Structure formats: C-alpha cells, structure tokens
Amino acid sequence: MEGLSLIDLAENSTIREQQKRGKQVKNPFESGEFRAANRISMDVTNMFGAPGPGSVSLEDVESLIPEVIKAHQMLKSGEGDIYDHGIAMTGWQDLPVEISEEHLTGIRSITSELSGEVDAFVSLGIGGSYLGIEATFRALTHKYFNQLTRDERGGAPEIYFLGQNMDPDFFRDTLDMLKGKRIAINVISKSGTTTETAIAFRIIRKLMEENWGNDADRMILVTTDAVRGALKEMAGKRGYRTFVIPDDIGGRFSVLTDVGLVGLSVANIDIEEFVAGFKVMRDITSGDDFWHNPALVHAALRHTAWCAEKKIEVVATNSASLYAVARWMEQLFPESEGHDGHGLWVSPSLYSEKLHANGQMVQEGQRNIVETFLLLKEHDNQVRIPRTDNNLDGLDFLVDKGLDMNFINRMVIEGPAYAHYKGGVPNMTIEIPRRNAFNLGQLYYMMEKSVAISGYLLAHNPFVQPGVEAYKRAMFALIGKPGFEEETRNIKNDLAKMKRIRI
Ligand code: PA5
C-alpha cells in the first residue's frame with residue numbers, strides 16, 4: 001500500500017504563512033485596510049440576565065463604572081498598590097511605544113544569525129518566562145511545527161521548551177528530540193534563581209559544553225535582570241549574549257520584552273507586527289470612556305461576575321492554536337488576582353473537546369461559572385466535508401448547504417454560548433479575526449490592562465505573587481537548599497505531627 005496522498009486538498013496556508021515569514025514577507029499591518037480587518041472585538045450580550053442564581057445585570061456593571069474609571073486613572077498616573085520592592089510594576093503600559101526599531105533590528109540580527117547555525121532552539125523558563133512565548137508560538141505556527149521540513153517551517157529551526165516542569169521523562173524525551181542536532185538555547189529567568197529553569201539549564205549546558213567546548217557559549221543566550229542575579233553573573237563570566245527583562249515589568253506581563261521577542265524572532269514571527277498590535281490596543285484602551293474601552297469593560301464584567309459568586313472562568317476557544325493563549329490567561333489572571341481569598345479560577349478549554357468532558361458541569365453543575373470564549377473567526381485553512389454514497393450518518397445536508405468544517409467550528413462556540421447562557425452561565429465572546437501577531441498583541445495588551453484594573457477593584461497588588469514565593473521556599477527547604485535549614489526543620493516537624501492516612 002502506498003502512503004496517503006492528500007488528494008484535492010489545497011496546500012496548508014499555515015505552512016504558506018510560515019514560508020512567507022521566512023522570506024521576510026510582511027503583513028501590511030500599517031495599512032488602514034489591514035487594521036480594519038484585524039481588530040479584535042467583544043460581544044458581551046450574554047453577560048447579562050442569565051437565568052438562575054448569581055445573575056449579572058447591566059445595572060450592576062454600570063454602577064461599577066466610577067470605580068473602574070478611578071482605577072484606570074490611578075493606573076495611568078502610577079498610584080496605588082502597584083509596587084514590588086519599591087518599583088511601580090507598570091512598565092508594560094508604555095512598553096509598546098518605548099521599544100525602538102533599533103532594538104527590534106538588534107534582536108532580529110542576532111536570532112537570524114543564530115538560527116542559520118542550528119537545527120533546534122530551546123527556550124528554557126517557567127511561568128511568565130515561558131507561557132507567553134509558547135502561547136504566541138503555538139498560536140501562529142503549524143501544530144506539528146518540529147515535524148515539518150525546514151523549508152516548510154520557513155527556514156526556522158525546530159523549537160522546544162524546557163524548564164517548565166521537572167518531569168524527568170518529559171525532559172529525557174525532549175533530549176532525545178535534540179540528539180544529533182546543533183542547538184542554541186535561551187535561558188530566561190528574571191530572578192535568575194528559579195529552580196526548574198536552573199536545573200534545566202545545568203543539564204543542557206553540560207551537554208553543550210561536553211559536545212562543543214567553549215564554542216557552546218556562543219549558542220547560549222541569557223534573558224534576565226539587567227544587573228542582578230546568578231544568571232547575570234554567570235553570563236558576565238562566560239560572555240553569554242544577554243537580553244534584559246526590565247525592572248518594572250513582572251514575568252506574566254513580559255511577553256513583549258526580550259522574554260518573548262527573542263524566541264518569537266527565532267520562529268520568524270514578525271516582532272514588529274506584534275509590537276504594532278500592542279500599540280493599537282494601548283491607544284484603544286487609553287481613554288476613560290467606559291463603553292469604548294474594552295479593557296475596562298472586560299475588567300468590570302469579570303469583577304461583577306465574581307461579586308455575583310462566580311468563582312470559575314472557563315476560557316474556551318474553538319482554535320487548537322489559541323488554546324495556549326487560554327493557558328497564558330490561566331496564569332495572568334489567577335497569579336495576579338489570587339490574593340486574600342479572592343479571584344476567579346481560570347480553566348482553559350478547547351471546544352469541542354471539553355464539551356464532551358466537563359461541558360456537562362458547565363451546563364448543569366454548580367452555578368459558579370462565567371465563561372469567556374476566544375473565537376477565532378477565520379482559520380488559516382478551509383476543510384470541506386465530502387458527500388457519501390449512503391448518507392448513513394445523515395450529514396449530507398451539510399454538503400447540500402455548502403457548509404464546511406469551518407462553519408461547524410464557529411457553531412462550536414455559538415451553540416455553547418447560547419446553551420450555557422440559558423443554563424445560567426453568563427458569557428462573553430472575544431472575537432479574534434485571524435491568526436497573526438497583530439491580533440495577539442492587541443489581545444495581550446487588553447488582558448494586561450484588564451487584570452491591572454482588577455487589582456484595584458479587588459483592593460490588592462496584582463503585580464506580586466507571594467503565594468508563588470511560598471511554594472518556592474517550601475521546595476527549597478524540602479530539597480535541603482543551604483540557607484533554608486530552619487524552614488526544613490519546621491516543615492519536617494509539621495509533617496511529623498500529621499497523622500498520615502494511606503490506603
Ligand atoms: O509572573 C511571574 O512573575 C512568575 O510567573 C515568574 O515569571 C516565574 O515565577 C518565573 O520567574 P523567573 O523569571 O524569575 O524565573
């Protein structure tokens with residue numbers, strides 16, 4: 001039997017886009033026409049008046065407007081609980097207009113030189129030093145990117161992520177994928193002390209040095225604090241090329257810093273277009289006219305839902321490529337809002353898949369859910385549905401009506417939006433016109449501003465994460481890190497006092 005041939009199927013547009021980007025063919029993101037066609041929008045109709053307990057009304061939201069506007073003004077003028085170690089963590093606000101063309105050119109020139117020399121690029125990091133890069137990469141590239149030919153990838157190397165977990169099997173499996181390949185890495189850590197990233201870096205660095213001696217140093221990029229930290233010190237000693245995470249931008253707000261830009265540039269994603277998307281949303285969300293500012297509306301709706309006892313936000317998308325963006329939101333919001341017993345738990349979901357899993361609970365379970373849809377309007381590809389001889393599955397009517405998989409996939413959002421609303425789940429739909437860096441930039445900026453406003457509404461600092469520090473300290477203590485002896489003793493005493501129940 002011969003291998004499968006994709007008879008009558010057009011070429012894959014995602015691959016074509018990758019190839020265009022590899023040849024530096026740009027989207028016309030400065031043109032009015034492109035901007036009009038690529039403007040993310042929000043439909044909030046279904047947020048109001050869902051039946052059952054915890055309903056949200058338009059009046060509830062309108063009564064919150066003065067507080068939201070005040071929060072916005074404080075954010076813009078740098079007032080309130082926004083400091084971390086004495087620094088106002090709001091550098092992300094003006095970053096889109098502060099990034100210079102020279103800076104982007106510098107990144108592009110380093111990454112294009114490096115890309116040409118390697119077969120694979122590994123991004124090492126966790127949390128804010130990982131999720132935004134992976135989200136953007138997955139949103140804009142082929143699902144099986146690393147299995148494509150180099151030409152199909154637009155000349156980019158294979159791209160891998162490590163350091164985001166400590167699973168030895170995952171780590172080892174990834175190393176197997178790197179075996180025999182020339183590699184470069186970008187190790188990303190603002191603090192420079194995060195255990196998972198540091199361990200991953202140790203292992204990879206050792207392998208690289210054993211293979212290539214001092215030549216390995218040229219293939220190691222470091223993205224960290226400008227002056228402090230172990231990574232910065234090591235980079236100085238070894239002469240690694242370094243990129244900077246600004247002091248006033250926290251991890252989960254850092255996708256537009258070098259944290260994101262370097263890796264995205266390696267993948268040939270147009271970082272200028274990405275910046276342009278951020279800039280546009282910065283403009284759109286700069287004013288205090290509530291109903292014309294999507295970040296303010298988004299923040300107010302989520303806050304009102306939370307006040308109405310909604311505790312879970314399902315962030316559902318009909319796009320496998322945007323699922324990683326929902327995962328980015330899973331970090332941005334809970335890591336910022338989860339203080340003092342507050343905050344919505346974000347549950348990223350890919351529909352239809354999850355509709356056949358926890359969809360039952362969304363429809364009929366405890367009415368503590370609010371839902372946000374990330375609807376991808378236009379997919380890269382169109383998949384037609386063929387006619388069959390006998391119509392046993394009864395689906396020929398789709399063919400008769402000229403309906404394709406793309407149409408059905410839109411209904412995968414519109415159907416649940418209606419049914420879940422009727423079942424008592426208020427929901428809103430954020431419509432993303434198509435998969436490009438411009439749209440992602442807009443979405444990210446809007447979400448960053450929304451969560452910042454949410455911090456004011458919840459009356460705590462959204463830019464710190466003492467809870468994450470708590471786990472880090474407990475882990476340091478349990479692994480016996482020098483300097484944590486007292487914590488080790490305390491934890492061991494606590495554990496010894498607990499009666500273990502094992503079945
Ligand atoms: O948003 C954050 O600040 C965190 O998620 C950090 O990005 C994460 O803990 C990784 O920290 P670091 O970059 O210091 O290694």
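In this predicted model, domain 1 and domain 2 bury about 2300 Å² between them, with 61% of that area on carbon and sulfur atoms. Buried area here is the accessible area (1.4 Å probe) that two parts lose on being put together, summed over both. On the side of domain 1, Q19, R21 and Q331 lose the most area to domain 2, together 24% of what that side buries.

**The domains**
- The protein chain is split into domain 1 (19-79 + 277-458), domain 2 (95-269) and domain 3 (469-497), with bounds that come from an automatic or database domain assignment.
- Taken over C-alpha atoms, the centres of domain 1 and domain 2 are 29 Å apart.
- Their contact (heavy atoms within 4.5 Å) takes 25 residues from domain 1 and 24 residues from domain 2.

**Across the interface**
- Two salt bridges are counted between domain 1 and domain 2; the term means a side-chain nitrogen of Lys or Arg within 4 Å of a carboxyl oxygen of Asp or Glu.
- R327 forms a salt bridge with E134, and their closest N and O atoms are 3.2 Å apart.
- The elements that give two or more residues to the side of domain 1 that touches domain 2 are α1 (13-22), α11 (271-284), α13 (323-337) and α17 (437-458); helices are DSSP runs (H or I, at least four residues), as strands are (E, at least two), numbered from the N terminus.
- Which element gives the most to this side of domain 1? That is α13, with eight residues.

**Pairs within the whole structure**
- The structure holds 34 salt bridges.
- In general, side chains of opposite charge can pair when their charged atoms come close.
- There are 17 aromatic pairs, meaning rings of Phe, Tyr and Trp (its six-membered ring) with centres within 6.5 Å; planes under 30 degrees apart count as stacked, over 60 as edge-to-face and the rest as tilted.
- F34 and F438 make an edge-to-face pair, 5.4 Å centre to centre with 70° between the planes.
- F34 sits in helix α2 (residues 32-37) and F438 in helix α17, 404 residues apart.

**How to read the values**
- Residues are numbered from 1 along each chain as its sequence is written, and side-chain values use heavy atoms, with hydrogens and water left out.
- Local features need pLDDT of at least 70 and side-chain atom pairs count only at pLDDT 80 or more, while totals for chains, interfaces and linings use all residues.
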